[in-house]
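Let's take a friendly walk through this model, from the ligand site out to the overall fold. Have a look at it first.

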Amino acid sequence: MVNVLLGCTGSVATIKLPLLLQGILDQNETEVKVNVVLTRRGEHFINSLPFSSENVKVFTDEDEWSSWEKRGDPVLHIELAKWADIFVIAPLSANSLAKLANGLCDNLLTCIARAWDQSKPLIFCPAMNTKMYEHVLTKEHIDKLLSWGYKCIPVIEKTLMCGDTGLGAMAEVDTIVEYIKNVIKEKKLYKNV
Ligand SMILES: Cc1cc2nc3c(=O)[nH]c(=O)nc-3n(C[C@H](O)[C@H](O)[C@H](O)COP(=O)(O)O)c2cc1C
């Protein structure tokens with residue numbers, strides 16, 4: 001059993017969440033549980049959450065605050081950070097990328113990232129407009145995350161939803177799913193040693 005935490009931010013690529021989920025769950029050899037964490041802006045790109053099931057749960061900032069009332073209650077971001085074997089953030093917006101690179105933690109997703117055990121894999125898939133991507137800060141922020149051992153699945157070039165053509169689109173869902181499958185395989189191998 002592998003626990004995958006999937007974070008989605010306020011990028012239009014979050015509309016691909018159902019496809020991404022399906023790909024991750026479609027593992028032949030390993031049982032996978034997925035917890036999805038949406039930022040407030042990420043929620044905007046999901047009309048409904050029809051994919052909640054025994055193996056998939058979806059969390060938002062609301063859950064972080066409604067699940068804690070008194071001392072002794074579990075703190076959701078800490079629980080999710082401990083629960084996960086792998087943290088995949090796809091898509092990662094320019095805003096959340098900047099927050100992660102600078103240690104900011106003002107919502108469920110960034111609190112999980114701040115509480116992340118850095119010996120576990122964290123994979124991020126940036127997605128943004130070409131101009132945003134080409135801004136000098138983007139490379140600076142990505143390099144910071146890479147220096148911590150996090151893995152980046154690079155953006156691709158295409159005509160973006162805003163009409164601009166260039167680098168900045170999230171990697172293809174198949175590429176991301178394949179990458180996750182390989183990490184799961186490695187993790188299983190490691191567990192079996
Ligand atoms: C329709 C629409 C699409 C957007 N797409 C992106 C995107 O692909 N990448 C990005 O970095 N920001 C995008 N933004 C801007 C982010 O939603 C905005 O920076 C937001 O604050 C991100 O919040 P989050 O990082 O907490 O999810 C988009 C905004 C709108 C209105």
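Helices (H or I, at least four residues) and strands (E, at least two) are DSSP runs, numbered from the N terminus. With that in hand, helix 5 gives the most to the shell around the ligand, with three residues. Please keep in mind that this is a predicted model: local features need pLDDT of at least 70 and side-chain atom pairs count only at pLDDT 80 or more, while totals for chains, interfaces and linings use all residues. Residues are numbered from 1 along each chain as its sequence is written.

**The ligand site**

Around the ligand there are 15 residues, and the closest are Thr9, Gly10, Ser11, Thr39 and Ser93. The elements that give two or more residues to this shell are helix 2 (40-43) and helix 5 (94-102).

| Class | Residues in the shell |
|---|---|
| Nonpolar | six residues |
| Polar | eight residues |

Ala, Val, Leu, Ile, Met, Phe, Trp, Tyr, Cys and Pro count as nonpolar, Asp, Glu, Lys and Arg as charged, and the others, Gly among them, as polar.

**Helix 5 and its cover**

Which residues of helix 5 are buried? They are Ala94, Ser96, Leu97, Lys99 and Leu100; buried means that 20 or more other C-beta atoms, placed from the backbone, lie within 10 Å of the residue's own. Their cover includes strand 4 (86-92), helix 6 (108-114), strand 5 (122-126), helix 7 (130-134) and helix 8 (136-147), with contact meaning C-beta atoms, placed from the backbone, within 7 Å. Just after helix 5, Gly103 takes a positive phi of about 80°.

Six strands form an open sheet in the order 3-2-1-4-5-6, with parallel pairing. Its edge strands, strand 3 (56-59) and strand 6 (151-152), each pair on one side only. Two strands pair if DSSP finds at least two bridges between them; strand 2 (residues 32-38) and strand 3 have four bridges, in the parallel sense. Val37 stands opposite Phe59 in strand 3.

**The whole chain**

In total, the protein chain has nine helices and eight strands. Of its 193 residues, 39% count as buried. Along its principal axes, the C-alpha trace spans about 45 × 40 × 35 Å. Among contacts in the chain between residues at least 6 apart in sequence, 72% join residues at least 24 apart.

Note on methods:
A residue is near a molecule or strand if its C-beta atom, placed from the backbone, lies within 6 Å of it. A residue is buried if 20 or more other C-beta atoms lie within 10 Å of its own, exposed if 12 or fewer, and partly exposed in between; C-beta atoms are placed from the backbone. Two residues are in contact if their C-beta atoms, placed from the backbone, lie within 7 Å.
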